[in-house]
Amino acid sequence: FRLLRKRIRWSYSEPDGSPLPTTPTTRRTHRLRPSPPRWTVHDGRAFWRIGRRFLRHVSVEKWETATVFGTGEAHVTGWLAGWLWSLQTQAQTLLLRTMKLRKPPRITIRPDFQRQRWFWRLDCITSFRLGHAIIAGIRLFSYWFWTRKRMIKRENSPGKGC
């Protein structure tokens, strides 16, 4: 499952076998380093990738949504009903692409042209094996505590920058 990885760095040497000369680095005592960002684009991509991998193993037993809404004005309610159907269809497509469905989802949208109201209900039953959740948790943990820290350390290294 690609849970454990080890990176080995080889030291560089000349063709005759002697190691390359290294210059001693001077240590600055009062160097201010920027604090690492709390959330980056790389974090979002990694979480999305881990989540997608987990959702492949999730099966949806039941998916039902019911929406009753109205604005009090018929033309606005009709216009919003079309937008709601569009959003629900996009959500259903995303659901079909990421998870396994046992039964087709049931979507109900009922516009109320007379009153102002909003009611939305979601009934969802999903199932997955505990092992897949554990593996996703380990991947998330390993990213957050190893890969992310290595990336932050590489970004804050003194050799990088202008």
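Predicted model: local features only at pLDDT ≥ 70, side-chain atom pairs only at ≥ 80, totals over all residues.
Residues are numbered from 1 along each chain as its sequence is written, and side-chain values use heavy atoms, with hydrogens and water left out.

As for terms, helices (H or I, at least four residues) and strands (E, at least two) are DSSP runs numbered from the N terminus, and two strands pair if DSSP finds at least two bridges between them.

E1, residues 59–71, also pairs with strand E2 (residues 100–101) in the parallel sense, over 2 bridges, where Ser59 stands opposite Lys100. With strand E4 (residues 116–127), E1 runs antiparallel, joined by 12 bridges, and there Thr71 has Gln116 as its bridge partner.

Now to Thr77, which is found in helix H2, residues 74–98. Is Thr77 buried or exposed? Thr77 is buried, at a relative accessible area of 0%, where buried means under 20%, exposed over 50% and partly exposed in between, with a 1.4 Å probe and protein chains only. Leaving out residues up to four places away in sequence, Thr77 touches Phe69, Gly70, Thr71, Gly72, Pro111, Asp112 and Phe113, contact meaning heavy atoms within 4.5 Å. Finally, the Thr77 side chain reaches the backbone oxygen of Glu73 at 2.8 Å.

Methods
Polar contact = N/O pair within 3.5 Å; in protein donor to acceptor, adjacent residues only side chain to side chain.
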